[in-house]
Amino acid sequence: MNNRMEKIVALCKRRGFIFQSSEIYGGIQGFWDYGPLGTELKRNVREAWYRDMVATHDELAVPPGAPSAFSMVGMETSIIMHPQVWKVSGHYDLFHDVKVDCRETGRRYRLDHLRGRWLYFVAALHPRHVTLPPERREELERHQHLFICLDPEKPEEDIHATVHRAAKLFGVRSKDAEALFGREDAWSSEPLEPLTRDMDLSRVVAPDAALPGTLTEPREFNLMLQTILGALGGEESKAFLRPETAQGMFVNFKNVLDSTRVKPPFGIAQVGKSFRNEITPRNFTFRSREFEQMEMEFFCRPDQSKEWYQYWRDRRFQWYLNLGITSDNLQLRDHAQEELAHYSVGTADIEYAFPFLEPGEYGELEGVAHRGDFDLRSHAEGKLVAGPEGCFVVETDANGQPKYKGSGKDLQYFDDQTRERFYPHVIEPAAGADRATLAFLCEAYHEDEAPDEKGAMQTRTVLKLHPRLAPIKAAVLPLIKKEGMPEKAAEIYRDLKRAGLAAYYDQQGAIGRRYRRQDEAGTPFCITIDGQTATDHTVTLRDRDTLEQIRVPVQEIVETVRQRVE
């Protein structure tokens with residue numbers, strides 16, 4: 001983790017944004033708790049998404065760039081669903097990571113997270129420096145060509161550290177190590193995963209291992225978290241915590257049609273918890289075992305699906321820009337053919353340059369997938385697999401029967417005007433609320449120079465969050481605790497709260513230090529009640545980003561803050 005990311009993590013703990021879950025017991029990996037400010041920030045992210053997707057959507061108007069007008073509705077579905085849902089959807093068979101274990105250290109790794117470097121032990125260069133017994137030298141020379149894995153938690157490990165590890169492995173003095181190891185590709189690291197298809201794992205040195213050949217053969221590891229329903233706990237009681245919110249919307253497709261009278265094109269949006277049994281959760285809240293999704297399933301006519309796919313790609317990318325992510329740190333990347341999920345006709349990822357990644361690397365914020373008619377057909381007919389000429393067919397067992405049967409319900413849409421019956425195609429923008437919150441925090445973190453109370457310049461840490469996302473919209477600060485200032489400040493504070501604007505009252509400490517505390521919390525506006533307030537009924541409004549201070553009449557301060565937040 002680089003210095004910038006360490007500062008962000010420290011700020012999150014210090015200011016009450018994010019804490020390690022169960023921290024007093026040593027924590028539990030892959031789970032996080034949101035503190036008072038973090039709860040408000042994440043709630044604002046969720047509400048900004050739901051407001052823009054559903055609450056303020058005008059179904060009578062055609063949005064810019066959309067092929068036509070459309071409807072949007074919301075849902076909230078259960079975390080635990082019928083196990084058959086996950087078998088028919090493909091998660092039971094296909095939702096897995098490939099893992100390897102180290103027999104020496106007991107550590108487990110995702111195969112696609114392991115990278116390493118080839119090293120060649122060239123004993124003939126300086127044989128006098130190899131002070132090993134003959135049998136040990138013979139053993140190691142059988143492994144002259146080794147792939148030394150880097151630690152996934154320390155991907156920045158330089159070649160000198162790798163050579164030092166190799167020196168220990170071969171019993172070579174450190175000062176002779178550079179000369180004793182040949183080089184290839186300027187020591188560039190490469191992923192282990194594609195090499196395992198045709199390489200001998202006995203030549204692989206796992207992270208922290210003292211000898212090669214300690215990794216197990218790669219094997220699949222299902223990512224769904226299991227649970228037991230009822231008191232008996234037998235095999236028939238096994239269920240799963242949902243790995244995504246999408247399936248709840250698919251199985252309710254007909255219910256939504258019948259209860260709301262919407263018709264394609266329309267979207268069903270949902271915000272909710274999902275769970276994935278990640279092997280190696282890492283990078284703060286970026287990869288967790290419990291997380292929150294903001295997903296929308298958009299149902300449209302098959303002949304219009306390509307246009308809708310392009311529309312949602314563009315619209316979702318713009319959403320992050322509108323809320324403060326700079327275009328330099330954001331990209332829209334189309335998946336290559338080999339990356340596509342089994343159901344996907346096409347997928348594009350909206351990616352952010354998180355500080356914990358190497359320069360030029362991006363991490364996924366949101367995926368926009370063209371799912372075709374895979375989901376509705378699967379839940380109607382049975383689990384689908386790729387068939388001839390790019391179509392899907394129901395997967396069968398050895399007896400020719402459906403491997404996992406669908407519901408048997410007709411999930412097609414019937415157009416009573418054209419008399420057509422068809423499975424709508426689905427476009428799915430799926431965003432992570434936790435990842436979005438983390439991206440907004442990373443983007444907002446700044447350090448600059450600002451004058452203190454005495455006019456001396458000092459480093460200021462500030463979160464330049466978009467006002468819509470800021471946990472606190474305005475801090476109310478009486479300059480001193482007398483002359484009626486606290487009473488007037490309390491009155492303004494209550495007016496802001498009644499207007500639905502998250503406000504904070506603080507009368508402790510020098511005004512400069514109070515400003516700094518609010519800057520770290522991301523508060524966009526500070527309202528100071530001072531001696532002038534009693535004479536002309538104005539207050540000072542300070543802008544977090546520009547440090548500009550203006551006088552605003554007391555009776556206008558609430559509306560002024562409201563307008564600036566929006």
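Let's start where helix 1 passes helix 12, in a right-handed crossing. Keep in mind as you look around that this is a predicted model. Helix 1 covers residues 3-14 and helix 12 covers residues 433-444; their axes are 10 Å apart, and the two pack at an angle of about 110°. That angle makes helix 1 roughly perpendicular to helix 12. Which residues meet here? From helix 1 come R4, M5, I8 and C12, and from helix 12 come L438, L441 and C442. Sorted by type, the residues of this contact are six nonpolar, one charged and no polar.

Seven strands form an open sheet with mixed pairing, and their order is 3-14-15-23-18-17-16. At its edges you will find strand 3 (71-74) and strand 16 (330-334), each of which pairs on one side only. If you step from one strand to the next, the twist averages 20°.

Let's zoom in on one pair inside this sheet. Strand 15 (residues 290-300) and strand 23 (residues 425-432) run antiparallel and are joined by six bridges. Here F299 stands opposite V426, a residue of strand 23.

Helices lie against these strands too. Helix 9 (residues 253-260) lies across strand 3, strand 14 (266-275) and strand 15, and runs at about 135° to strand 14. Helix 10 (residues 305-322) also packs on the sheet, where the strands it touches include strand 15, strand 16 and strand 23. Compared with the direction of strand 18 (363-372), the direction of helix 10 makes an angle of about 165°.

Helix 10 has a helix partner as well. How do helix 2 and helix 10 cross? The axes of helix 2 (residues 36-55) and helix 10 come within 12 Å and cross at roughly 140°, which makes helix 2 oblique to helix 10. This crossing is right-handed. On the helix 2 side, V45, A48, W49, D52 and M53 take part, and they meet W312, R315, R316 and W319 in helix 10. This contact brings together six nonpolar and three charged residues, with no polar ones.

Finally, look at the charged side chains. How many salt bridges does the structure hold? There are 44 salt bridges. In one of them, the side chains of R219 and D101 meet at 2.4 Å, N to O. R219 lies in strand 11 (residues 219-222) and D101 in strand 4 (residues 96-101), so this pair ties together parts that are 118 residues apart in sequence.

How values were computed: Residues numbered from 1 in each chain as written. Predicted model: local features only at pLDDT ≥ 70, side-chain atom pairs only at ≥ 80, totals over all residues. Heavy atoms only, no water. Axes fitted to C-alpha atoms, helices over the stretch in contact; angles between N-to-C directions. Helix = DSSP H or I, 4+ residues; strand = E, 2+ residues; numbered from the N terminus. Parallel < 35°, antiparallel > 145°, perpendicular 65-115°, else oblique. Left-handed = near helix turned anticlockwise from the far one by under 90°. Contact = heavy atoms within 4.5 Å. Nonpolar A, V, L, I, M, F, W, Y, C, P; charged D, E, K, R; others polar. Pairing = 2+ DSSP bridges. Salt bridge = Lys/Arg side-chain N within 4 Å of Asp/Glu carboxyl O.
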